[in-house]
Amino acid sequence: PRKRYMWSTEVDGINATHRTWDAAGRALAHYIAPPLFEKSLLAPEDTYVIAHSHGGNVVAFACGEYGLKINGLITVGMPIRRDLYGVYQAAESNITRHLHLYAGWRDYWQVFGSLFDGRFGLHREHPFAGRNSQITEGDHGSVLRDPTLFPLWLERGWLDYWKGSDA
């Protein structure tokens with residue numbers, strides 16, 4: 001049986017210490033690879049994650065700060081935080097394939113989530129993702145909850161990239 005980890009909380013990204021993302025990242029890493037077990041519950045090659053919004057920052061902490069290795073990551077509407085570039089960069093080597101999906105400027109949540117990083121300017125594309133793809137349909141996370149957009153996952157090759165079968 002496959003095991004799933006669902007993380008959800010009211011993390012808005014305003015707190016500059018990022019303690020909640022760090023703690024949730026540690027929890028995620030320890031959930032998949034418990035530190036007292038000899039073997040991870042999921043082998044890195046069997047670990048695939050889809051993270052929505054600031055959930056992507058949780059995965060970044062899990063991979064960058066706590067060494068979680070995952071095969072495929074898709075971040076959807078994740079605010080890109082320049083104050084977390086060090087965490088993103090450290091995570092990059094532990095993620096085999098990272099696809100970042102971002103909506104147009106109608107995705108106010110991604111814009112607002114990027115405002116509190118102490119620097120001027122907004123970034124829609126993730127500089128440490130292997131691939132970025134703009135979604136012109138919908139808004140913040142529509143591709144996860146609007147059934148009319150579900151075909152995009154196959155049509156645009158997102159699932160194939162995630163699974164590593166597009167090569």
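Hi everyone, and thanks for coming. First, some housekeeping. Residues are numbered from 1 along each chain as its sequence is written, and side-chain values use heavy atoms, with hydrogens and water left out. Since the model is predicted, local features need pLDDT of at least 70 and side-chain atom pairs count only at pLDDT 80 or more, while totals for chains, interfaces and linings use all residues.

Let's begin with the sheet. A word on naming: helices (H or I, at least four residues) and strands (E, at least two) are DSSP runs, numbered from the N terminus. Two strands pair if DSSP finds at least two bridges between them. On that basis there is an open sheet of 4 strands, in the order β1-β2-β3-β4, with parallel pairing. Which strands stand at the edges? They are β1 (48-52) and β4, each with a single partner strand, so one side of each has no neighbour in the sheet. From one strand to the next, the twist averages 15 degrees; axes here are lines fitted to C-alpha atoms, for helices over the stretch in contact, and angles run from 0 to 180 degrees between N-to-C directions.

Look now at β3, residues 95-103, which runs parallel to β4 and is joined to it by 5 bridges. For example, Leu-101 has Ser-133 in β4 as its bridge partner.

Packed on this sheet is helix α2, residues 55-64, touching β1, β2 (70-76) and β3. Contact means heavy atoms within 4.5 Å. The direction of α2 makes about 140 degrees with that of β1.

How many residues of α2 are buried? The count is 9 of the 10, so the helix is largely enclosed by the rest of the structure. Buried means under 20% relative accessible area, exposed over 50%, and partly exposed in between, with a 1.4 Å probe and protein chains only. Among the buried residues are Gly-55, Asn-57, Phe-61 and Cys-63. Their cover includes α1 (19-32), β1, β2, α3 and β3.

Most residues other than glycine have a negative phi. Ser-53 is buried too, with a relative accessible area of 14%.

On a 1 Å grid over the protein atoms alone, a cavity is a set of points where a 1.4 Å probe fits but cannot get out; a pocket is an open set with protein on both sides within 12 Å along at least five of seven lines; and lining residues have an atom within 4 Å of a point. Grid points are joined across faces, edges and corners, and a volume is the space filled by probe spheres set on the points.

The model has 1 cavity of 30 Å³ or more, and the largest cavity holds about 50 Å³ of space. Of its 12 lining residues, the closest to the centre are Val-76, Ala-103, Ile-135, Asp-139 and Gly-141. The largest share of that lining, 3 residues, comes from β3.

The second largest pocket has a volume of about 160 Å³. Its lining has 18 residues, and Glu-92, Ile-95, His-98, Phe-128 and Ala-129 are the closest to its centre. Here too β3 gives the largest share, with 4 residues.

Last, the salt bridges. We call it a salt bridge when a side-chain nitrogen of Lys or Arg is within 4 Å of a carboxyl oxygen of Asp or Glu. The count comes to 3.

Arg-81 pairs with Asp-83 at 2.9 Å between the closest N and O atoms. Arg-81 is buried at 0% relative accessible area, whereas Asp-83 is partly exposed at 26%.

Glu-137 and Arg-156 meet at 2.6 Å, N to O. Glu-137 lies in the loop between β4 (131-135) and α5 (142-145), and Arg-156 in the loop between α6 (152-155) and α7 (158-163), so the pair ties together parts 19 residues apart in sequence. Both partners are partly exposed, Glu-137 at 24% and Arg-156 at 33%.

Finally, Arg-145 bridges to Asp-139 at 2.9 Å, and Asp-139 is partly exposed at 35%. Remember that Asp-139 also lines the largest cavity.
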